[in-house]
Each structure stands twice: as C-alpha cells, then as structure tokens.
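Reader: I would like to learn how to read a protein model feature by feature. Could you take each idea in general terms and then show me the case at hand?

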Amino acid sequence: MIGVDTAGIAAKLGEAADTATAIGQLAAETGLDVDGAYAVQTALVQRRLDRGERLVGLKMGLTSRAKMAQVGVDEVIWGRLTDVMRVPDGGTVDVADFIHPRVEPEVAFLLDRVPEPGEPVGSFADAVRAVAPAIELIDSRYANFTFSLPDVIADNTSAGAFVVGPWSPVPDGLDNLGVLLEVDGRIAQVGSTAAILGDPRRALDEGLRLAGRHGVRLRSGWVFLAGAATAAVPLRPGAHVRAVVEKLGVASLRAASSGAAS
C-alpha cells in the first residue's frame, strides 16, 4: 500500500509482543486495509524468522460465528505458526509472557502433501496425514482485545502459542464431533466441530485459497489449525486446560505464574 509504513507497523506489533505490552489499534490511523495488513503480517513474522524461528504451519481465525461475534469482525482470516509458538502436549506456559491470553479448543491437521487450492473436501483424505485435538492460545497485542479486521490480520491473527494432542487417522463424521474446553476440571465451553465452517476440512480449503492470494503455499509436514470450535476463555495463572474432541482425544496445557514455566 502506498503511504503505509509496513515495517514500522510490524515493529510496533513485534515490540508489543516481545514486551507483553498492549498498544492502541493501528489500522484507522495508518489507513491499513486487508491487503496491507497481510503485508504487515509477513513483515512481523519475518522478524521472528530473522531471529531463528522456523515456520511450521498455518492457522485459521474467525471460523466460527461464536468467535466472529466475540471479537466483532466477520471474515475468515489466516496467520502463521512458528516452532517457538508450539508448546508440548501437557506442557506449561507462563501467562506473564502474554498480554491477555485466551485459550480455545481446535482441530489440527498434519499435512501429508501440498493440496491444491480449490481441491474438493472429499479428497482431503489424501492431503491430510493425521488429525489431532489442539489448543490455541491467542493474545491480541491491542488494548482490551479490541481490533478491526486489518488490525487483527496485521497482528498475525492474535497468534500466541499452540498445543497439539496425539495424532490419529481422520475419523468418519469429522464435521460433527463434540468438543469440550475444560479449565481446572470444569467445563468452560461446549461446542462441535461443525462450528468450524460447518466442517473443519473446509477451513483447509479456505486456508489454501486465502494464503494463496498472498503467494503462500502450505508444505508437507506442516501443522494446520482449522479454527476454534467455541469462543475463547481467559487463561489465568495456575490453570489446567484440556481440549477434548470426540474420537480424537485430549490436548492439554498448564498456565504457570510468572517465572514458573518450564
């Protein structure tokens, strides 16, 4: 975009993430539109790659009506995942590393080959090696977790961290599996994989199409987070979180207080 300081916006967002300090929205004052926002996202993620991180996948955002309503935007978006964002299943994160972290249950795909944009949902059995329950930790860099569509895209779709549970073959009925988000042994959210664009496999199709517009192709061996099956809930210090997906199993993480993560 002419007149938009892509590098400058990326630097502000990167500093906000590195210092866990919220900033004001940027799109309105800079004239950032959706295409410009993806350019900022690319520059933002490049900052991470320049310090040694590796791309390991893509993630979808706002794939459920609950999430769209929760954050006040209405278009499916995508972002990038790096190896440093990945937390081992059952591992610990320090909430002090984030501004206002939230967690949500997801479905993850392990790509076996690079599917083509527009490939029908029915052929995904050839494209996806395995599927797993997952948890995404989202953390907007904007104050009050409030943003416009270009703002959240530029912020790498609020990506913070993610956990992937055990991989298994893609089961029948993936379009309508029960999902629970448990916090400290209590049910915090109840949903279905149907909330993810009606079928999580459609999220992969959308990811291919949308990322392809910006010259990004998915790679064999990458993780693909299809999107949240429920609204997100705040992650508090000391919490134990489990995402339970019917037929797929459980992914979990613990939240430590400052300095206690390992």
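**Strand 10 and its partners**

Author: Strand 1 (residues 55–61) runs parallel to strand 10, and three bridges pair the two. The model is a predicted one, in which local features need pLDDT of at least 70 and side-chain atom pairs count only at pLDDT 80 or more, while totals for chains, interfaces and linings use all residues. Residues are numbered from 1 along each chain as its sequence is written, and side-chain values use heavy atoms, with hydrogens and water left out.

Reader: What do the terms strand and pair stand for here?

Author: Strands (E, at least two residues) and helices (H or I, at least four) are DSSP runs, numbered from the N terminus. Two strands pair if DSSP finds at least two bridges between them. In general, strands of a sheet pair through backbone hydrogen bonds, either parallel or antiparallel. In this structure, Lys59 stands opposite Leu225 in strand 10.

Reader: Which strand runs antiparallel to strand 10, and how many bridges join them?

Author: That is strand 5 (residues 102–111), joined to strand 10 by four bridges. Leu110 has Val223 in strand 10 as its bridge partner.

Reader: Is strand 10 enclosed or open?

Author: The word to read first is buried: under 20% relative accessible area, with exposed over 50% and partly exposed in between (1.4 Å probe, protein chains only). Six of the six residues of strand 10 (residues 223–228) are buried, so the strand is largely enclosed by the rest of the structure. Across the protein, buried residues make up 52% of the 262 residues.

Reader: How should I read a nonpolar core?

Author: In soluble globular proteins, nonpolar side chains tend to be buried together. A nonpolar core is a set of buried Ala, Val, Leu, Ile, Met, Phe, Trp, Tyr and Cys residues joined through side-chain atoms within 4.5 Å. The largest one here has 48 residues, and those with the most contacts inside it include Leu58, Phe109, Leu218 and Phe224. Helix 7 (residues 200–213) gives this core its largest share, five residues. Apart from this core lies another, of 18 residues, among them Val95, Ala161, Ala239 and Val241.

Reader: Which residues is Phe224 in contact with?

Author: Contact means heavy atoms within 4.5 Å. Leaving aside neighbours within four places in sequence, the partners of Phe224 include Leu58, Met60, Phe109, Leu204, Gly207 and Leu218. Gly207 has its place in helix 7 and, at 0% relative accessibility, counts as buried. The C-alpha atoms of Gly207 and Phe224 are separated by 8.8 Å, and the two residues are 17 residues apart along the chain. With residues up to four places away in sequence not counted, Gly207 touches Met60, Gly212 and Phe224.

Reader: In what order do the strands of the open sheet come?

Author: Five strands form that sheet in the order 4-13-12-8-9, with mixed pairing. Strand 4 (92–94) and strand 9 (186–192) stand at the edges, each with a single partner strand, so one side of each is left without a neighbour in the sheet. Within the sheet, strand 8 (residues 178–183) and strand 12 (residues 240–245) pair in the antiparallel sense over five bridges. Glu182, in strand 8, has Arg242 in strand 12 as its bridge partner.

Reader: Is Glu182 buried or exposed?

Author: Glu182 is buried, with a relative accessible area of 13%. Not counting residues up to four places away in sequence, Glu182 touches Ile187, Ala188, His240, Val241, Arg242 and Val244.

Reader: How many aromatic pairs does the structure hold?

Author: Rings of Phe, Tyr and Trp (its six-membered ring) pair if their centres lie within 6.5 Å; planes under 30 degrees apart count as stacked, over 60 as edge-to-face and the rest as tilted. The structure holds three such pairs. The rings of Tyr38 and Trp78 have centres 5.0 Å apart and planes at 15°, so this pair is stacked. Tyr38 lies in helix 3 (residues 34–50) and Trp78 in strand 2 (residues 77–82), so the pair ties together parts that are 40 residues apart in sequence. For Phe145 and Phe147, the ring centres are 6.1 Å apart and the planes stand at 50°, so that pair is tilted. Both Phe145 and Phe147 are buried, and together with Tyr142 they form one aromatic cluster.
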